[in-house]
Amino acid sequence: MEKYLINPNQKMSKICKDIYGNFSEHLGRCIYEGLFVGKDSEIPNVNGMRKDVVEALKDMGLPVLRWPGGCFADEYHWKDGIGPLENRKKMINTHWGGVTEDNSFGTHEFFELCEQLGCDPYITGNVGSGTVQEMSEWVEYMTFGGESPMANLRRQNGREEPWKLTYFAVGNENWGCGGCMDPVFYANTYRRYQTYVRNYSNDNRVYKVACGPNAEDYNWTEELMKNARWHMNGLALHYYTITHDWGHKGSATEFDEKEYYDCLAAAYKIDSIISRHLEIMNRYDPDKRVDLIVDEWGTWHDVEPGTNPGFLYQQNTMRDAIVAALSLNIFNKHSDRIRMCNIAQTINVLQSVALTDGADMVLTPTYYTFKMFKDHQENTLLGSYITSENIDTAKGKLPTLCESASIDENGVVYSTITNTSATEMKEVLCQLADTQVKSVKAEILTAKMDAFNTFDSKDAVKTAEFTDFEVTADGFKANIPACSVVKFVIER
């Protein structure tokens with residue numbers, strides 16, 4: 001039996017709600033058909049936003065949404081996406097499929113979507129192919145309430161009051177698709193561009209995010225922290241879970257047990273990667289003024305057969321749900337330094353939380369993981385530890401059990417436990433220090449490792465009440481099924 005200890009007396013960092021963010025890019029069918037169908041569509045919508053998708057994301061507790069990219073951001077010119085639809089420029093999306101982008105979803109539409117979702121906006125500016133003036137004017141257009149050329153242009157386009165812009169990233173992946181820069185060049189470029197990301201009122205202090213490292217590029221973090229730390233609020237890390245390698249990532253739905261464990265071990269590696277980047281950040285910023293932002297993460301498999309390879313459309317199995325649970329537990333544990341995370345991507349792309357087909361929509365196993373975990377948002381992380389055997393894989397060691405625990409303002413404790421074993425149930429004895437437990441409720445997501453939802457079978461993988469546990473005086477005993485995610489709600 002594995003021992004699980006939670007200490008309600010050891011209150012640690014606040015788990016920022018934005019750790020549970022999503023990412024939406026002009027890529028494949030994420031924006032068009034996924035989030036946005038236009039006002040004239042027969043698909044039910046409110047001002048062009050799909051009603052079914054918006055309601056699902058609200059139920060999931062989506063706190064923040066990143067847009068317009070991704071690689072698309074560094075070839076996006078925002079003035080092409082404002083004003084009357086018939087006057088908006090058409091362009092070629094050179095990064096993703098070579099399709100025509102008609103710019104019918106632009107700044108006004110994005111803020112409309114965020115308002116419907118009740119989430120914070122996170123916008124990425126164009127450094128790779130854009131100018132300082134273009135970026136500065138976009139911030140002015142969005143946030144300035146006085147008399148100015150850009151504020152008046154916004155009013156001309158139908159928006160009197162400025163929007164509240166929470167987060168703004170100065171470029172994306174500038175080590176790659178955002179300009180192929182080296183870290184010193186980007187650090188200097190960032191310092192220049194961010195100077196003109198102005199705060200036009202004390203009511204809207206824009207949180208500035210610098211492009212951070214690709215996975216294990218620790219030198220990038222070193223140079224950015226050395227040369228630009230005083231000019232940023234957050235540093236963005238990107239890390240994708242690849243089962244094999246970039247040339248052959250592996251099928252999203254057809255995999256054996258070895259591939260299952262290799263994928264999960266690759267996902268779990270983000271814990272050590274985060275720790276190493278934070279060690280560097282701490283040397284330059286011991287007061288922890290600069291946050292770590294993981295604004296692209298998730299599984300990246302081969303596209304579904306027969307689909308456009310530039311659209312990155314992949315199915316989503318129970319394996320992906322376990323990856324999400326592992327990652328979210330890890331992010332919670334690092335919440336003293338992680339402010340925001342954004343899974344890639346919201347709809348129809350990579351590890352999405354929903355898929356659409358015309359007017360139809362299906363929720364993925366990853367969606368249910370996010371919905372289970374949303375109770376952690378804005379809670380306080382508790383000190384906790386679980387004993388666990390390790391599984392040896394080609395990608396490194398993988399613990400069979402991974403957890404995090406938090407407490408809300410009313411003293412209710414929330415615990416999320418993931419059993420990564422594909423075949424073995426795990427017995428767990430949980431004890432809460434100095435605690436008399438009144439009641440425990442639980443919810444579970446479990447299925448075979450390769451199970452997934454389809455438009456013909458939407459409920460193959462979904463959450464259910466979990467009852468295979470016994471309440472004890474100071475906790476509970478539980479049998480955690482193989483390949484599962486379980487949430488416990490503990491009242492004291």
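1. Strand β16, which spans residues 380–386, is mostly covered, with five of its seven residues buried. The coordinates come from a predicted model, and the remarks below should be read accordingly.

2. Which strands pair with β16, and in what sense? Strand β1, residues 2–14, pairs with β16 in the antiparallel sense over six bridges. Within this pairing, Y4 stands opposite I386 of β16. Strand β19, residues 401–407, is joined to β16 by two bridges, and these two strands also run antiparallel. Here T380 faces its counterpart I407 in β19.

3. The next point concerns a pair of helices. Helix α1 (residues 51–60) packs with helix α2 (residues 107–117) at an angle of about 55°, and their axes are 9 Å apart. An angle of 65 to 115 degrees would count as roughly perpendicular and one under 35 degrees as roughly parallel; α1 and α2 are therefore oblique to each other. On the α1 side, the contact is made by V54, L57 and K58, and on the α2 side by L113, Q116 and L117. By residue class, the contact of α1 with α2 comprises four nonpolar residues, one polar and one charged.

4. Residue T418 lies in strand β20, residues 413–419. Is T418 buried or exposed? T418 counts as buried because its relative accessibility is 0%, the cut-off for this class being under 20%. With neighbours within four places in sequence left aside, T418 is in contact with I322, A325, L326 and N329, with T400, L401 and C402, and with S484 and V485.

5. Residue E160 is found in a loop, between α4 (149–156) and β9 (167–170). E160 counts as partly exposed because its relative accessibility is 48%, and the exposed class requires a value over 50%. When residues up to four places away in sequence are not counted, E160 touches R154 and R155. With R155 there is a polar contact between the two side chains, at 3.1 Å. E160 and G145 are 15 residues apart in sequence, and their C-alpha atoms are 8.2 Å apart in space.

Key: Residues are numbered from 1 along each chain as its sequence is written. This is a predicted model: local features need pLDDT of at least 70, side-chain atom pairs count only at pLDDT 80 or more; totals for chains, interfaces and linings use all residues. Side-chain values use heavy atoms; hydrogens and water are left out. Buried means under 20% relative accessible area, exposed over 50%, partly exposed in between (1.4 Å probe, protein chains only). Helices (H or I, at least four residues) and strands (E, at least two) are DSSP runs, numbered from the N terminus. Two strands pair if DSSP finds at least two bridges between them. Contact means heavy atoms within 4.5 Å. A polar contact is a pair of N or O atoms within 3.5 Å; within protein, one must be able to donate a hydrogen and the other to accept it, and residues adjacent in sequence count only if both atoms are side-chain atoms. Axes are lines fitted to C-alpha atoms, for helices over the stretch in contact, and angles run from 0 to 180 degrees between N-to-C directions. Angles under 35 degrees count as roughly parallel, over 145 as roughly antiparallel, 65 to 115 as roughly perpendicular and the rest as oblique. Ala, Val, Leu, Ile, Met, Phe, Trp, Tyr, Cys and Pro count as nonpolar, Asp, Glu, Lys and Arg as charged, and the others, Gly among them, as polar.
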